[in-house]
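Have a look at the picture first, then read on.

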Amino acid sequence: MSTEEYILSEATAARFAREVAKYPADQKVSAVMACLSIVQDEIGFVSRASEDAIAAYLAMPPIAVYEVTTFYNMYNQRKLGQFKLNVCTNLPCQLRDGQKALNHLCEKLGVEEGGTTADGLFTVQKSECLGACADSPVMLVNDRQMCSFMSNARLDELVDVLKAHAAAQSAVKN
């Protein structure tokens, strides 16, 4: 699906309706984060056109939806790799090698920060505080799995495990 088009399907509208029903009628905008997550699950990222569709559905200004999408790094505004690796580079993590971990991953995978590997497997990004400063360097894999104390050796091991997982999934599909 192109980033310039987004058609709200009946199934997606039904999922939106279930989320909106959780709030008082005059507060349906409260479902914006859930609707963004639904779209991201559906197409893999949140396009500008999908933000507009959510805004129309929730009767809120499109800029208000865009503000939510851009505030939280769990919403992808473009297609990313199969594995999204967010490394915390906030000040406390900086002091405990967070930037070095990010640099190591970028070098190992041959990408710049924010980039995606040519094979589409990995996107490496910096992130703001992940709330585990004492465990730094820390990272989040696909917005779901927190990894702590990520030395270069542990980063290398993680990349190898994720590559093997992707290869196994690919073998099952073929």
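## Loops around the strands

Asparagine 142 sits in the loop between S3 and S4. Helices (H or I, at least four residues) and strands (E, at least two) are DSSP runs, numbered from the N terminus. Before going further: this is a predicted model, where local features need pLDDT of at least 70, side-chain atom pairs count only at pLDDT 80 or more, and totals for chains, interfaces and linings use all residues. Residues are numbered from 1 along each chain as its sequence is written, and side-chain values use heavy atoms, with hydrogens and water left out.

Aspartate 143 is in the loop between S3 and S4 too. Here are some backbone angles to look up:

| Residue or bond | Angle |
|---|---|
| Asparagine 142 | phi near 50 degrees |
| Serine 136–proline 137 peptide bond, cis | omega about -5 degrees |

Proline 137, from that cis bond, belongs to the loop between strand S2 (122-127) and strand S3 (139-141).

Now for serine 148: is it buried or exposed? With a relative accessible area of 16%, serine 148 is buried, while asparagine 142, at 30%, counts as partly exposed. (Buried means under 20% relative accessible area, exposed over 50%, and partly exposed in between, using a 1.4 Å probe and protein chains only.)

You'll find serine 148 in the loop between strand S4 (145-147) and helix H7 (152-173). Leaving out residues up to four places away in sequence, serine 148 touches Asp135, Pro137, Val138 and Arg154; contact means heavy atoms within 4.5 Å.
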